[in-house]
Amino acid sequence: MSSAWQAVWAVVKKDILAELRTKETLSMMLIFVLLAVFIFNFAFDLRVENVREVAPGVMWVAFVFAGVLGLNRSFIQEADKGCLDGLLMTPVDRSLIYLGKMLGNLIFMLAVDAIALPVFSVLLNLALVRWDIALIVVLGTLGFAGVGTLFSAMTANTRAREVMLPLLLFPVALPLVLAAVKATAGVLDGASLGEVANWLNLLIGYDVVFLTISYLTFDYVVES
Amino acid sequence: MTYLIAAYTVMWLITFIFVLSMAIRQRRLAAELEALKARLQERQRYGQ
Amino acid sequence: MERWGVGKIAIFLHGLAGAAVLTALYMALVFAPREAAMGDVQRIFYWHVATAWVGFFAFFITLIASIAYLRTGRRRWDIVALSSVEIGLAFAVIMTVTGSLWAKPVWNTWWTWEPRLTTVAIMLLIYATYLLLRRVIEDPGRRARFAAVYGIAGFVSVPITFMAIRWWRTIHPVIFKSEGFDLSPAMLVALIVSVAAYSLLYVSLLLLRTQLEFLSDEAAELRESLDE
């Protein structure tokens with residue numbers, strides 16, 4: 001393993017270890033995801049006839065909001081406890097720190113998604129645990145974590161930071177969420193992955209573009 | 001036809017408001033600059 | 001301190017922009033022929049397209065200025081980026097409102113969630129957030145850096161908006177296709193004049209707006225030196 005990946009892995013391991021000690025962020029995200037589904041259930045009256053039509057939207061809105069919860073804590077915790085300065089003082093390329101934080105956030109989000117999907121399947125009475133949906137979830141969450149990590153590093157240093165993150169992130173991430181919802185709806189309606197290829201291409205394109213932008217600009221965000 | 005008139009009105013209105021807001025900000029800044037410069041000169045005249 | 005927007009050339013430019021806008025008004029309202037199917041409402045089109053293009057262009061300038069700021073760290077690039085967002089947003093609002101006023105008689109609705117309109121709404125939100133972001137950061141250097149990063153990331157919405165009517169099936173008309181234009185020659189002339197006029201107006205406004213920001217920097221500096 002090259003030293004670059006060792007550095008990235010060190011950041012990821014640090015975040016996972018810290019999380020496993022308290023399990024705070026993960027449990028918050030999980031409860032929030034379930035709460036979101038309950039709220040939608042009351043708001044939309046998700047009965048058997050219309051559940052297939054709204055399920056992709058419900059699912060992704062729940063994922064996205066829970067993701068913001070996790071992202072918010074990702075840098076605010078570090079900044080408040082002074083860990084961020086320590087992290088930045090290590091003789092490691094800042095872009096690698098970005099990759100580490102991004103992978104950590106991605107792992108947390110995917111963990112929440114993985115637990116939430118079977119629960120959704122039961123609550124919504126739909127088969128959501130499928131490999132094609134899993135692929136869409138990974139692609140969608142990757143881009144969201146990518147640009148979300150960049151913005152959460154930014155908002156940790158602003159006024160009204162918990163509010164600023166969703167404000168910054170949602171409009172930028174909207175095309176991604178839209179593509180993910182459309183692709184999920186497509187495969188739920190029985191289309192193959194090939195038939196929703198245009199949405200998958202949008203997802204992949206978005207992932208590539210935003211990971212590149214975030215990777216290149218992260219240095220300027222944490223510079224003091 | 002009404003829509004055409006409405007569209008052109010809105011268009012000019014927005015452009016006008018934008019330019020006007022810039023003009024107001026400009027005037028306020030110019031006044032502030034004058035006042036600041038005057039104070040600075042005063043201070044220099046009487047010494048620190 | 002730089003002095004953009006008040007020199008002789010700049011004043012000539014402001015005059016030229018004013019004259020061009022009046023010419024474009026004449027071209028759109030009188031010179032261009034009446035469209036057969038839609039009637040006079042179609043005359044909204046010239047300004048709608050002109051503000052749309054110049055708005056997109058303004059956001060592109062913000063992208064360039066943001067990259068330049070991150071590379072050089074010079075305040076003037078930050079000022080250009082901010083000014084261009086403000087002007088672009090004003091133009092984009094004009095584009096949206098005129099589009100909506102055209103859609104009411106032609107599509108029989110003010111607004112519909114089709115690809116072009118959806119992506120435009122997202123783009124407006126992003127650049128409004130850009131201005132908000134600048135307000136919640138105290139430290140000037142950090143404000144400029146964060147704004148530049150958001151100016152770069154947010155720009156992705158612009159090509160998506162531009163391509164929306166080409167990628168997806170939509171009811172929004174596509175005027176410029178790879179095969180050529182969908183316009184009569186006189187209409188094309190009126191459109192070109194409108195785009196040129198609004199481009200000139202953009203340059204003129206950009207000069208004035210950046211000038212304003214330089215002035216405000218100057219005032220801030222003076223204030224600081226007085227406080228010492």
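## Close-up views of chain C and its partners

**Figure 1. Polar pairs join chain C to chain B.** Between chain C and chain B there are four residue pairs in polar contact, with both residues of each pair at pLDDT 80 or more. On the chain C side of this contact, the elements that supply two or more residues are helix H1 (8-31), helix H2 (44-72), helix H3 (75-107) and helix H7 (185-227). The biggest share comes from H7(C), which gives 15 residues to the side touching chain B. Sorted by class, that side of chain C holds 24 nonpolar, four polar and eight charged residues. Please keep in mind throughout these views that the model is predicted.

**Figure 2. The contact between chain C and chain B, seen as area.** Here 36 residues from chain C meet 24 residues from chain B. Together the two chains bury about 2900 Å², and carbon and sulfur atoms give 79% of that area. On the chain C side, have a look at Leu212(C), Leu222(C) and Leu226(C): these residues lose the most area to chain B, and together they make up 23% of what that side buries.

**Figure 3. A salt bridge links Glu32(B) to Arg223(C)**. Chain C and chain B share two salt bridges. In the one shown here, the side chains of Glu32(B) and Arg223(C) come together with an N to O distance of 2.7 Å.

Figure 4. Chain B has 48 residues, and 23% of them count as buried.

Figure 5. Over all chains, the structure holds 19 aromatic pairs.

**Figure 6. Two tryptophans of chain C in an edge-to-face pair**. The ring centres of Trp111(C) and Trp113(C) lie 5.6 Å apart. Their planes stand at 75°, so the pair is edge-to-face, since planes over 60 degrees apart fall in that class.

**Figure 7. The contact between chain C and chain A.** At this interface, 21 residues of chain C are in contact with 22 residues of chain A. The two chains bury about 2300 Å² between them, with 77% of that area on carbon and sulfur atoms. Five residue pairs are in polar contact here, both residues being at pLDDT 80 or more. Helix H4 (115-135) and helix H5 (140-154) of chain C are the elements that give two or more residues to the side touching chain A. That side of chain C divides into 16 nonpolar residues, one polar residue and four charged residues.

**Figure 8. A salt bridge between chain A and chain C.** The count of salt bridges between chain C and chain A is one. Which residues form it? The side chains of Arg159(A) and Glu138(C) do, with 2.6 Å from N to O.

Notes
Residues numbered from 1 in each chain as written. Chains lettered and ligands numbered in written order. Predicted model: local features only at pLDDT ≥ 70, side-chain atom pairs only at ≥ 80, totals over all residues. Heavy atoms only, no water. Contact = heavy atoms within 4.5 Å. Buried area = accessible area lost by both parts, 1.4 Å probe. Salt bridge = Lys/Arg side-chain N within 4 Å of Asp/Glu carboxyl O. Polar contact = N/O pair within 3.5 Å; in protein donor to acceptor, adjacent residues only side chain to side chain. Helix = DSSP H or I, 4+ residues; strand = E, 2+ residues; numbered from the N terminus. Nonpolar A, V, L, I, M, F, W, Y, C, P; charged D, E, K, R; others polar. Phe/Tyr/Trp six-rings, centres within 6.5 Å; stacked < 30°, edge-to-face > 60°. Buried < 20%, exposed > 50% of the residue type's maximum accessible area, 1.4 Å probe, protein only.
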